Amino acid sequence: MEKVNEEKGKMTLGEYYKSLKDPQTELIEKLCKATISTDVTVRRWIAGTHTPPPIKQKIISKIIGRSMHELFPAKHIPEKMEE
């Protein structure tokens with residue numbers, strides 16, 4: 001079972017994906033296009049088995065409207081990337 005973020009209202013990329021109703025595939029397509037990545041790669045980010053590079057985390061963060069630290073809590077992200 002996936003661990004839920006303890007801070008109220010915060011969620012990882014995988015948790016955000018699971019919270020979507022339909023169609024989840026639109027998010028995958030949007031992230032693929034914006035980050036110039038394959039759907040397999042994006043699905044790995046969502047599953048948490050891989051972490052995108054900071055520049056792609058920033059793009060994903062802007063699309064979803066949540067901070068990089070929230071979506072990708074396991075990796076250290078330089079503060080200046082958040083700007």
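Predicted model: local features only at pLDDT ≥ 70, side-chain atom pairs only at ≥ 80, totals over all residues.
Residues are numbered from 1 along each chain as its sequence is written, and side-chain values use heavy atoms, with hydrogens and water left out.

Me: Which pattern does the protein follow along the sequence?
Reply: Helices (H or I, at least four residues) and strands (E, at least two) are DSSP runs numbered from the N terminus. The protein has 5 helices and 0 strands. Read along the sequence, the pattern is α-α-α-α-α.

Me: What percentage of the 83 residues in the protein is buried?
Reply: Relative accessible area, with a 1.4 Å probe and protein chains only, defines buried as under 20%, exposed as over 50% and partly exposed as in between. Of the 83 residues, the buried share is 33%.

Me: How are α2 and α3 oriented to each other?
Reply: Axes are lines fitted to C-alpha atoms, for helices over the stretch in contact, and angles run from 0 to 180 degrees between N-to-C directions. Helix α2 (residues 24–35) and helix α3 (residues 39–47) have axes 9 Å apart and pack at an angle of about 110 degrees. Angles under 35 degrees count as roughly parallel, over 145 as roughly antiparallel, 65 to 115 as roughly perpendicular and the rest as oblique. The orientation of α2 and α3 is therefore roughly perpendicular.

Me: Which residues make the contact of α2 with α3?
Reply: Contact means heavy atoms within 4.5 Å. From α2 the contact takes I28, L31, C32 and T35, and from α3 it takes D39, V42, R43, W45 and I46.

Me: How many residues of the contact of α2 with α3 are nonpolar?
Reply: Ala, Val, Leu, Ile, Met, Phe, Trp, Tyr, Cys and Pro count as nonpolar, Asp, Glu, Lys and Arg as charged, and the others, Gly among them, as polar. The contact of α2 with α3 includes 1 polar and 2 charged residues, and its nonpolar residues number 6.

Me: Where do the buried residues of α3 lie around the axis?
Reply: The buried residues of α3 are V42, W45 and I46. They cover an arc of only 100 degrees, taken from the directions from the helix axis to the C-beta atoms. The arc therefore puts them on the same side of α3.

Me: Which helices do the buried residues of α3 pack against?
Reply: The buried residues of α3 are V42, W45 and I46. Their packing partners are α1 (13–19), α2 and α4 (54–64).

Me: How are α2 and α4 oriented to each other?
Reply: The axes of α2 and α4 cross at roughly 135 degrees and come within 10 Å. The orientation of these two helices is therefore oblique.

Me: Which residues make the contact of α2 with α4?
Reply: By class, this contact has 7 nonpolar, 1 polar and 2 charged residues. On α2 they are L27, K30, L31, A34 and T35, and on α4 they are K56, I59, I60, I63 and I64.

Me: Is S61 buried or exposed?
Reply: S61 is found in helix α4. Not counting residues up to four places away in sequence, S61 touches R66, S67, M68 and L71. Because its relative accessibility is 11%, S61 counts as buried.

Me: What is the relative accessible area of T41?
Reply: T41 lies in helix α3. T41 is partly exposed, and its relative accessible area is 27%.
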